[in-house]
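Subject: Structure handover and notes

Dear colleague,

I am passing on the structure we spoke about, together with the sequence.

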Amino acid sequence: AKDADGAVGKLQIIADPLDATIKRVGRFGWRGTSATVLQQTSAALNSDMGVTSAMYPTHGCGLATDGTACRTADAKGAELSEQDVELIVRYASLLAVPAARHFPGQQPLGTPGDKVTAQTPAQNAAELAAENLMQARVKRGGTLFAAARCVACHTASLTTGEHKFAELRKQVIRPYTDLLLHDMGPELADNYPQGVATGQEWRTAPLWGIGLLKTINANTRYLHDGRARTIEEAVLWHGGQGEKSRERFKALSADDRQQMVDFINSL
Ligand code: HEC
């Protein structure tokens, strides 16, 4: 509550879809509207793909049209068995986070994202020098990221709690999010309140893995509606509680800004 920049996070609280008297902390989705991987998966199956399951057993049949076919489909019961949903949930829960790159002491070979292609000792030396330079830039970029107080929301490190999978219990993770809602100002608003979030509050976007986005789609897009083409643009859209951090970013020299972007791209 006493954050110097006013970057005060708010918990998303949502009703359990199976028992509305139970309130849960929402953590998944742009506004944290799902409390569990099961809920996020079931909601996505239903509203993104039109597939019903135990948690959301009916389609969003249109009210304006007669919707007969839709309601006939609903009458047949859930389309996906609980067992199959559970397999999807298990798969998604246990997907690994991509390893960070260009941190000091990174193993030069066999690390994802690493490009050691040298054929000769001279090429090898040049690649090592380039890697050392990038490591220095990433290190400084991380210092600048903390100094601009991006970490007020993009929390560098969290420890997980209890989990049914032993490998996910009490783990130090580096998601670069506090999983909380923040008022990001009118320019990022979509004016669509969800749960306890107003139309201009968003859950801090996790930054882990963000640097590998371009490896799956060269046409990168950032922020909840994909309006930002680059990381720099995404930062410049920060308003509201993110304004002070954004102004510190803008005040940096061009090369310092690029070093911060190099750091974010190493995550
Ligand atoms: C007040 C909290 C807050 C602060 C401080 C903050 N951010 Fe964010 N950041 C957010 C939220 C919330 C989003 C998601 C906004 C959206 O999607 O509309 C976000 C999104 C981003 C994204 C885009 C992520 C994606 O996957 O699309 C980047 C990059 C980012 N922030 C970097 C930074 C940097 C760099 C700083 C410091 C200069 C910073 N942020 C400071 C809350 C914050």
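What follows is a description of what was found, going from the overall architecture to individual sites.

Please keep in mind throughout that this is a predicted model, and that the values quoted here are computed from it.

**Overall architecture**

The chain holds 8 helices and 6 strands, and when these are read along the sequence they follow the pattern β-β-α-α-α-α-β-β-β-β-α-α-α-α. Along its principal axes, the C-alpha trace spans about 70 × 45 × 40 Å, and of the 267 residues in the chain, 32% count as buried.

**The iron site**

Which residues coordinate the iron atom of the ligand? The iron atom is held by the NE2 atoms of His154 and His238, at 2.0 Å. These two histidines link distant parts of the chain, being 84 residues apart: His154 sits in the loop between helix H4 (121-147) and strand S3 (158-159), whereas His238 sits in the loop between helix H6 (231-236) and helix H7 (243-251). The site has 6 donor atoms, and with angles of 88 to 179 degrees among them it is octahedral. Both His154 and His238 are buried.

**Cysteines**

The model contains 1 disulfide, formed by Cys61 and Cys70, whose sulfur atoms are 2.0 Å apart. The torsion about their S-S bond is about -85 degrees, and the disulfide is therefore left-handed. The two partners fall on either side of the 20% cut-off for burial: Cys61 has a relative accessibility of 15% and so counts as buried, while Cys70, with a relative accessible area of 22%, is partly exposed. Two further cysteines may be of interest to you when you look at the model, namely Cys150, which is buried with a relative accessible area of 14%, and Cys153, which counts as buried at 13% relative accessibility.

**Salt bridges**

Side chains of opposite charge can pair when their charged atoms come close. The count for this model comes to 17 salt bridges, and I describe a few of them here.

One of them joins Lys164 to Glu86, with the closest N and O atoms 3.3 Å apart. This pair links distant parts of the chain, since Lys164 lies in the loop between S3 and strand S4 (172-173) and Glu86 lies in helix H3 (residues 82-93), 78 residues apart. Lys164 is exposed, with a relative accessible area of 54%, whereas Glu86 counts as partly exposed at 24% relative accessibility.

Another is formed by Arg257 and Glu232, whose closest N and O atoms are 3.0 Å apart. Glu232 is partly exposed, with a relative accessible area of 30%.

Elsewhere, salt bridges that share partners join Asp3, Asp5, Arg149 and Arg248 into one network.

Which residues form a nonpolar patch on the surface? The patch is made up of Leu11, Ile13, Val25 and Val196, which together have about 280 Å² of accessible area. Of these, Leu11 lies in the segment before strand S1 (12-16) and counts as partly exposed at 45% relative accessibility.

Strand S1 also contains Asp16. Is Asp16 buried or exposed? With a relative accessible area of 12%, which is under the 20% cut-off, Asp16 is buried. The C-alpha atoms of Asp16 and Gly26, residues that are 10 apart along the chain, are separated by 9.7 Å.

How values were computed
Residues numbered from 1 in each chain as written. Predicted model: local features only at pLDDT ≥ 70, side-chain atom pairs only at ≥ 80, totals over all residues. Heavy atoms only, no water. Disulfide = S-S within 2.5 Å. Buried < 20%, exposed > 50% of the residue type's maximum accessible area, 1.4 Å probe, protein only. Patch = residues over 30% accessible without salt bridge, like charges linked within 9 Å, V, L, I, M, F, W, Y side chains within 5 Å. Areas by Shrake-Rupley, 256 points an atom, 1.4 Å probe, with all protein chains shown as cover. Salt bridge = Lys/Arg side-chain N within 4 Å of Asp/Glu carboxyl O. Helix = DSSP H or I, 4+ residues; strand = E, 2+ residues; numbered from the N terminus. Donors = N, O, S within 2.8 Å, 3.2 Å for Na, K, Ca; no water. Tetrahedral: all angles 85-135°; square planar, octahedral: opposite > 155°, others 65-115°.
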